[in-house]
Amino acid sequence: MFKLVYDETNVPDKAPNYDNIDKETVEPVKRIAVLTSGGDAPGMNAAIRSIVRTGINSGFEVFGITRGYHGLWKGEISQITTRDVSEKLQRGGTFLMTARSKTMMELEGQIKAARMLEVYGIDALVVIGGDGSYKGARALARLGVPVIGIPGTIDNDIASTEYTIGYDTSMNTAMEAIDKLRDTASSHERCSVIEVMGRHAGYIALNVAIATGAECLLIPEVPYDFDRDVIRTILDGRNKGKRHYIVIVAEGAGNATEIAEKIEAATGIEARPTILGHLQRGGSPTLRDRTMATLMSAHAIDCIKEKRFNRLVVLQNGKITDVDIEEGLAMKKTISQEEIDKFNLLS
Ligand code: F6P
């Protein structure tokens, strides 16, 4: 069982790095718990299933916490069996449910969460979620709770990893929707302005724009000149004989309705906005999301077996590995300028 930092006025500013700790001095792990937190993502169920099955088959008792950190505060913790996770692999959403939690940003909420894990005798906690959820996990690690993070968000905006669970499914969902919008835009010689998710990141937008042959791409990472990058691109296309126009806008870069109005006013071409919204968060996970979720979670169990806690599971150079939670959260992610340049050559 872990030892909590009880002096609340003196919580360390770094989580312990177990690579520097003699493993003989670390108590054996018997019970582990898993939760999903933040926005759900297709593949989270596959990840939970893998944690449960590889965990139990490695000799651990596995507990599921419902409703993320909210459920943890309330003690919504119960043991899960391998049978409980059958028929979950192919399902979207998260059967453990999830929640966004501001209280986990405050010490009071963090201590409450750590104490509840202590009450249940949990030796290590697996958190499946995005950056916000990881910050909660880091806070618990600083309080002494051994944690492992698995990247689950459709946005692919976690700096330490090249891939986050749910990204592929959400992009495929967006791509299929945009292909359909293109059909009707073409029939009516319209401009279709499609807003995709991604919070402050443009990864979904960039890839979807490449995959759907969009004319314009607006993402938060790259400043744009509306007249040059949108209006002129559309008019140049019309002058070359184009019959329809697809504009992809990442939610962090603008609003589809306002952009469509501006395009119609400036070009005289009818423009229709579509906000894909939460559609992109649901659905059965693709093969990539199922396999990444399963293998990343199995790697998380390897870390626990090796008593290498306070790690984030990551994909780096195409290989599943792990990084220290403090180092991982300090990293910054940049979008590929090379891919943006290639996209710009295509329209
Ligand atoms: O982080 C995933 C995400 O879907 C973002 O792309 C989006 O900005 C946000 O969550 C929406 O959050 P909510 O479901 O709380 O409205």
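Ile 150 is in contact (heavy atoms within 4.5 Å) with Ile 51, Val 126, Val 127, Ile 128, Gly 129, Tyr 134, Ile 165, Met 296, Ser 297, Ala 300 and Val 313, leaving aside its neighbours within four places in sequence. This is a predicted model, in which local features need pLDDT of at least 70 and side-chain atom pairs count only at pLDDT 80 or more, while totals for chains, interfaces and linings use all residues. Residues are numbered from 1 along each chain as its sequence is written, and side-chain values use heavy atoms, with hydrogens and water left out.

Ile 150 also belongs to the largest nonpolar core, which has 62 residues; Ile 32, Ile 51, Ile 248 and Ile 304 join Ile 150 as the residues with the most contacts inside this core. Helix 9 (residues 287-305) supplies the largest share of the core, 7 residues. Apart from this core lies another, of 33 residues, including Ala 15, Phe 63, Ala 113 and Ile 158. A nonpolar core here is a set of buried Ala, Val, Leu, Ile, Met, Phe, Trp, Tyr and Cys residues joined through side-chain atoms within 4.5 Å. Buried means under 20% relative accessible area, exposed over 50%, and partly exposed in between, with a 1.4 Å probe and protein chains only. Helices (H or I, at least four residues) and strands (E, at least two) are DSSP runs, numbered from the N terminus.

## Around the ligand

With a heavy atom within 4 Å as the cut-off, the residues around the ligand are Arg 100, Thr 153, Ile 154, Asp 155, Met 197, Gly 198, Arg 199, Glu 251, His 278 and Arg 281.

Let's look at some distances to ligand oxygen atoms. An N or O atom in the side chain of Glu 251 is 2.5 Å from a ligand oxygen, and a polar side-chain atom of His 278 lies 2.8 Å from an oxygen of the ligand. For Arg 199, a polar backbone atom is 3.5 Å from a ligand oxygen. On its own the ligand has 400 Å² of accessible area (Shrake-Rupley method, 1.4 Å probe), and the protein covers 76% of that.

## An aromatic pair

The structure holds 2 aromatic pairs, defined by ring centres of Phe, Tyr or Trp (its six-membered ring) within 6.5 Å; planes under 30 degrees apart count as stacked, over 60 as edge-to-face and the rest as tilted. Tyr 18 and Phe 309 form an edge-to-face pair, 5.0 Å centre to centre with 85 degrees between the planes. Tyr 18 lies in the segment before strand 1 (31-36) and Phe 309 in the loop between helix 9 and strand 10 (311-316), so the pair ties together parts that are 291 residues apart in sequence. Tyr 18 is buried at 10% relative accessible area, and Phe 309 is buried at 2%.

## His 299 in helix 9

His 299 is found in helix 9 and is buried, with a relative accessible area of 16%. Beyond four places in sequence, His 299 is in contact with Val 313, Ile 320, Thr 321 and Asp 322. His 299 and Ile 51 are 248 residues apart in sequence, yet 9.1 Å apart in space, C-alpha to C-alpha.

## Two positive phi angles

Most residues other than glycine have a negative phi. Asn 310, not a glycine, has a positive phi of about 60 degrees; Asn 310 sits in the loop between helix 9 and strand 10 and is buried at 0% relative accessible area. Met 97, also not a glycine, has a positive phi of about 65 degrees. Met 97 is in the loop between strand 3 (77-79) and helix 3 (107-119) and is partly exposed at 36%.

Definitions and conventions:
A polar contact is a pair of N or O atoms within 3.5 Å; within protein, one must be able to donate a hydrogen and the other to accept it, and residues adjacent in sequence count only if both atoms are side-chain atoms.
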